Amino acid sequence: MDVPRPHEPSRRDLDLLVWDAPNIDMTLSAILGSRPASSDRPRFDAIARWFLSEAADHEVEGCVFTNVHPTSAVSLRGWIEALRSFGYSVFARPKVHPEDDVDDAMLRHIAERQASHRLRRVVVASGDGRNFLGPLEELHRAGVRCVVLSFAEVAGYAQESPLIEFIDLEDVPGAFQVSLGRTRLTALPPDGGWFRPTRPMRALLEDPAHDAVTERTATLDGGEAHTSPGPPEVAEIHRVPSPAPSRVRGA
């Protein structure tokens, strides 16, 4: 039990959600094999409702972290404003170099909230185990419930760790308007299910180059073809301090 020191104000309970937009976008593109349409993207209002459903009367804070490509400011301004209207803070970092990322900013923010509040639950939406596995397991040992929200295809670090809970993003109620059509062999119905073809069979006669590439990368003994589409570009906004967390009312 945490006991406040003399003359030290007691820290308030906090549930924290941090969303790695570049990682989730890149993973979604890889799963779909193409740039996601608007109907393929997660609904942040549904994510917020799911997050609030287990927050009790704790304070809550949802933060979306994104890289910023300077050529896309106008096109994604509406997305950022929609996030803010759902109660999310948005942290944006300029995408100047290919290696520029937001993971360090996410980890700093988690550390800041751990110092200023009594963290009860931390939800990290990212499949990047290289940067988040160690810090999340350390948080768990400090008494924080740690949850990774991502896709099963990439978040093996969370599924294999005994200290981290994993929730597939598509299992969040209302997160997607339509099924993503993924090949989820670990979530088959008891009586089996169908996987629809991703292109017509006759396309093999029209696109021999595609067929040759597939033969090199997918074999009958279980090999998989891999694609690596780049992440969608995101908009440019100025960096602003993150606002204070808000308290749940009637969650």
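Predicted model: local features only at pLDDT ≥ 70, side-chain atom pairs only at ≥ 80, totals over all residues.
A polar atom of the Glu 170 side chain lies 2.9 Å from the backbone nitrogen of Leu 180. Glu 170 belongs to the loop that runs between strand S6 (165-168) and helix H7 (203-206). Is Glu 170 buried or exposed? Its relative accessible area is 18%, and the cut-off for a buried residue is under 20%, so Glu 170 counts as buried. Leu 149 and Glu 170 are 21 residues apart in sequence, and their C-alpha atoms are 9.4 Å apart in space.

**The whole chain**

Next, display the complete chain as a cartoon. Eight helices and seven strands make up its secondary structure. The chain has 251 residues, and 38% of them count as buried.

**Strand S2**

Select Glu 59 and Glu 61, which are both placed in strand S2. Glu 59 is buried, with a relative accessible area of 5%. Which side chain does the side chain of Glu 59 contact? The partner is Arg 12, and this polar contact between side chains has a distance of 2.3 Å.

Glu 61 is likewise buried, at a relative accessible area of 4%. The side chain of Glu 61 makes a polar contact with the side chain of His 109, at 3.3 Å.

Move to helix H2, residues 44-53. How many of the ten residues of H2 are buried? Seven are, and the helix is mostly covered. The buried residues of H2 are Phe 44, Asp 45, Ala 46, Ile 47, Ala 48, Trp 50 and Phe 51; colouring them will show where they sit along the helix.

Leu 52 also lies in helix H2. Leu 52 is partly exposed, with a relative accessible area of 33%. Select Asp 15 together with Leu 52: the two are 37 residues apart in sequence, while 8.8 Å separates their C-alpha atoms in space.

Continue to Ala 56, which is found in the loop between helix H2 and strand S2 (59-68). Most residues other than glycine have a negative phi. The phi of Ala 56, however, is positive, near 50 degrees. Ala 56 counts as partly exposed, at 45% relative accessibility.

**Helices H4 and H5**

Finally, select helix H4 (residues 103-116) and helix H5 (residues 129-141). Two packed helices are described by the angle between their axes and the distance between the axes. For H4 and H5, the angle is about 10 degrees and the axes are 11 Å apart. Angles under 35 degrees count as roughly parallel, and H4 and H5 are therefore roughly parallel to each other.

Show the side chains where the helices meet. Which residues make the contact?

- From H4, the contact uses Asp 103, Met 106, Leu 107, Ile 110 and Gln 114.
- From H5, the contact uses Asn 131, Phe 132, Pro 135 and Leu 139.

Colour these residues by class to complete the tour. The contact of H4 with H5 has six nonpolar residues, two polar residues and one charged residue.

Conventions
Residues numbered from 1 in each chain as written. Heavy atoms only, no water. Helix = DSSP H or I, 4+ residues; strand = E, 2+ residues; numbered from the N terminus. Buried < 20%, exposed > 50% of the residue type's maximum accessible area, 1.4 Å probe, protein only. Axes fitted to C-alpha atoms, helices over the stretch in contact; angles between N-to-C directions. Parallel < 35°, antiparallel > 145°, perpendicular 65-115°, else oblique. Contact = heavy atoms within 4.5 Å. Nonpolar A, V, L, I, M, F, W, Y, C, P; charged D, E, K, R; others polar. Polar contact = N/O pair within 3.5 Å; in protein donor to acceptor, adjacent residues only side chain to side chain.
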